[in-house]
Amino acid sequence: MRTRGTIAVAGLLALMTAGCAPQTATTAWVTPEVGADVPAFTAQSTLPFDAFHLDVADLEAMQSAEVARLDACAARYGVDAVYSGDYLRPADLSRSMWGGRPGTLDEAHAAEYGYHASPTGEWAPVGGFYLKDPSNILPPPDASGELTALVTYGPADGDDPTELTDGSGEPVPAGGCLREVEGEIGGALISDVDIRSELINLTFEHRDVVAAVGAWSTCMATAGYDYDTVQGPAESFSLSLLSDAEIAVALADVRCTGESGWADVFYAVLTDYQQQAVDQNPGDFAAVLDSQTARLEALGR
């Protein structure tokens, strides 16, 4: 049996403060039963947790408004910074990856873009199981610079804020622009990334998913590609430029996904686990949506 790696699904760096996340129920999970007729899971299919998130357009508007405030705050301190976020499409997509749910990549996209993002389609900063989080605001590329870091994060522990100034000479307050903007908005976002990640990993341990992934891996090996995990191909081309080699792997992946049916089995099991989580703690998931809705309204969007 091939080794199954744990899925790394957290955002790159959550800068804006997030509230308490829904926790796994204390009762044992009931192992889902997968029948003979597994429903097809497509790019248009939904999961139970989807009902507790704003739509993508609203999340884009939310992060755009937050980033605008951060940029303006940094400018007041003399720093020309451009922040970004999980839902803000980069101007240059050449190193961005396709952002659809793994296993739903279609042949047409694979033949033209491999695992990379198309100009107008879904995108993600890296390939594989990357879970976008509305609270994930990313620093400017030069945030390692002393002045940009000071304005972004504020003085480090032990520093006297009154002795640390930016390029304009104005003292930078504790917490920097991140704390200032968060205070202006008010009301922390509640994230469900941890439980989404946990249930993905739990799903990959299901016996039927293990068997289906094994069939996919054998199919890929027959095509000349040795991958232990279904996220491996997309991850291996993350942060690189599109190549003929990537397109060849992606096309084989699409074919082997169809032949093995791993995605259908995987999402059937994941759907069951997510529904169990919602049934056990409905109020926690409603709070995720409420926090997003409140923040969107607070930002005037």
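The model is predicted, so local features require pLDDT of at least 70 and side-chain atom pairs count only at pLDDT 80 or more, while totals for chains, interfaces and linings use all residues. Residues are numbered from 1 along each chain as its sequence is written, and side-chain values use heavy atoms, with hydrogens and water left out.

Two disulfides are present, a disulfide being a pair of cysteine sulfur atoms within 2.5 Å. In sequence order of the bonded cysteines, the pairing is 1-2, 3-4.

Helices (H or I, at least four residues) and strands (E, at least two) are DSSP runs, numbered from the N terminus. The Cys73 and Cys177 link is left-handed, at -90 degrees about the S-S bond. Cys73 is buried, at 1% relative accessible area. Cys177 is buried too, at 0%. Buried here means under 20% relative accessible area, exposed over 50%, and partly exposed in between (1.4 Å probe, protein chains only).

Cys219 and Cys256 form a disulfide with a sulfur separation of 2.1 Å. Cys219 sits in helix α6 (residues 207-222) and Cys256 in helix α8 (residues 244-260), so the bond ties together parts 37 residues apart in sequence. The angle about the S-S bond is -75 degrees, and the link of Cys219 and Cys256 is left-handed. Cys219 is buried at 11% relative accessibility. For Cys256 the value is 0%, again buried.

Nonpolar cores were also identified. A nonpolar core is a set of buried Ala, Val, Leu, Ile, Met, Phe, Trp, Tyr and Cys residues joined through side-chain atoms within 4.5 Å. The largest has 43 residues. Tyr115, Phe129, Leu199, Phe204, Trp262, Phe266 and Tyr267 have the most contacts inside it. Two or more residues come from each of β3 (97-98), α5 (193-204), α6, α8 and α9 (262-280). Helix α9 gives the most to this core, ten residues. Leu199 touches Trp29, Phe49, Leu270, Tyr273, Gln274 and Ala277, leaving aside residues up to four places away in sequence. Contact means heavy atoms within 4.5 Å. Another core lies apart from the largest one and has 26 residues, including Leu59, Val79, Tyr87 and Leu150.
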